Amino acid sequence: MKILSRNYSLVPVLVVAAAAMAQDKVPLKTQLPKPLFVGTPVPLNVPNLEPPLKGKRPDFMIPAGSVNLAKGKKVTASDENPVVGTLDLVTDGDKAGDEGSWVELGPGKQWLQIDLGKSANIYAVLLWHFHSQARVYRDVVAQVSDDASFKSGVTTIFNNDFKNEVGAGPGKDQNYVETYQGKLIDAKGAKGRYVRFYSNGNTTNKLNDYIEVEVWGKPA
């Protein structure tokens, strides 16, 4: 009976602890651009395509005090001379799909990388490719590392490159259609200073477009 009594005494403590943990998380709040589909949608014939998002995305919870660590940070890429735009557009806070809002890297396999300035615990990434047209970007991979060359200590937080076309290993995540809401990636607290994204053209052309990236977390 004494043991049972002790277990009951722990219940209020556990309830309070669980409540405290829940209160430490808040919904990720970001400003979304207006929906902007133009032209005739291109028929999509893409395997393993996730269902379209109907309405607003459900709240995604992140630790309280998390901020967009990517805002205004330095961006580098495998294509040093983009076809359209400049790399700084990726972290300037402008997510609109209008002309002048995106940078376009050359055809085929390309990567783009953000330097957060110091190592951080990353809880969520929001990624906007070109979203003025319903299209799917191929072989999307997102990785985090403290190594700028991504040769060691690499954590992959998203990968739908099933055939390992970009060489980051075969992925199991689903393809998705770009929308004004961006692609939300659960980074699960991955630690690193650098965030790198791969892509390999899209269902409309062979180019690689980026409008904005947000990296939500806290300094490590």
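Which residue forms a salt bridge with K95? Hold that thought for a moment, everyone.

A word on the ground rules: this is a predicted model, where local features need pLDDT of at least 70 and side-chain atom pairs count only at pLDDT 80 or more, while totals for chains, interfaces and linings use all residues. Residues are numbered from 1 along each chain as its sequence is written, and side-chain values use heavy atoms, with hydrogens and water left out.

By salt bridge I mean a side-chain nitrogen of Lys or Arg within 4 Å of a carboxyl oxygen of Asp or Glu. Searching the whole structure gives six of them, and I'd like to walk you through some.

Back to K95: the partner is E214, with the closest N and O atoms 2.7 Å apart. K95 sits in the loop between strand 4 (74-77) and strand 5 (103-105), and E214 belongs to strand 11 (residues 212-219), 119 residues apart. Strands here are DSSP runs (E, at least two residues), numbered from the N terminus. Both K95 and E214 are buried, meaning under 20% relative accessible area; exposed is over 50%, and partly exposed lies in between (1.4 Å probe, protein chains only).

Next, E50 and K183 pair up at 3.2 Å, N to O. E50 is in the loop between strand 1 (25-27) and strand 2 (61-63), K183 in strand 9 (residues 183-200), 133 residues apart. E50 is partly exposed at 26%, whereas K183 is buried at 12%.

Finally, K191 meets D146 at 3.1 Å, N to O. K191 lies in strand 9 and D146 in the loop between strand 7 (141-145) and strand 8 (155-159), so this pair ties together parts 45 residues apart in sequence. K191 is partly exposed at 44% relative accessible area, and D146 is partly exposed at 39%.

Thanks, everyone!

Key
Helix = DSSP H or I, 4+ residues; strand = E, 2+ residues; numbered from the N terminus.
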